[in-house]
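Hi there,

Here is the structure I promised to pass on.

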Amino acid sequence: AAADPVSVLPGSLGRGSWCNEHDMIHKRLDIIEEKVLKTVEHLESEVKSLLNIISETTSNIPIAPGTPFTDIFDGKY
């Protein structure tokens with residue numbers, strides 16, 4: 001028992017309690033990670049959809065002859 005750092009910590013509730021708390025934290029983190037991944041996937045889908053709409057809209061706008069062309073997707077943010 002002396003070699004077990006959990007059992008020698010003052011105020012320790014024992015190994016089983018610490019392990020249960022550790023497992024609970026990991027389960028909560030897994031749930032949060034899953035929600036974050038789903039949110040990111042949803043946002044990526046929304047951005048792609050918006051970019052497609054913008055692309056379709058801008059390609060259908062007639063440009064008067066002699067008007068300089070401005071590429072809104074040229075990478076300058």
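To start with a question: how many residues apart in helix 2 are E34 and K38, and about how many helical turns separate them? They are four residues apart, so about one helical turn lies between them. Please keep in mind throughout that this is a predicted model.

The side chains of E34 and K38 form a salt bridge, with 3.2 Å from N to O. The count for the model comes to one salt bridge. As for how open its two partners are, E34 has a relative accessibility of 43% and so counts as partly exposed. K38 reaches 52% and is therefore classed as exposed, because the cut-off for exposed is over 50%.

Helix 2 covers residues 15–59, and V36 sits in it. V36 also belongs to a nonpolar surface patch, which it makes together with I25, L29, I32 and V40. The area of this patch is about 420 Å². With a relative accessible area of 45%, V36 is partly exposed, because that label applies between the limits of 20% for buried and 50% for exposed.

Now for the chain as a whole. The protein chain has two helices and zero strands. Of its 77 residues, 1% are buried, a label that calls for under 20% relative accessible area. The chain exposes about 7200 Å², and carbon and sulfur atoms supply 62% of that area.

Happy to hear your thoughts once you have had a look.

Best wishes

Notes
Residues are numbered from 1 along each chain as its sequence is written. This is a predicted model: local features need pLDDT of at least 70, side-chain atom pairs count only at pLDDT 80 or more; totals for chains, interfaces and linings use all residues. Side-chain values use heavy atoms; hydrogens and water are left out. Patches are made of residues with over 30% relative accessible area and no salt bridge: like charges are joined within 9 Å, nonpolar side chains (Val, Leu, Ile, Met, Phe, Trp, Tyr) within 5 Å. Accessible areas come from the Shrake-Rupley method with a 1.4 Å probe; for residues, only the protein chains shown count as cover. A salt bridge is a side-chain nitrogen of Lys or Arg within 4 Å of a carboxyl oxygen of Asp or Glu. Buried means under 20% relative accessible area, exposed over 50%, partly exposed in between (1.4 Å probe, protein chains only).
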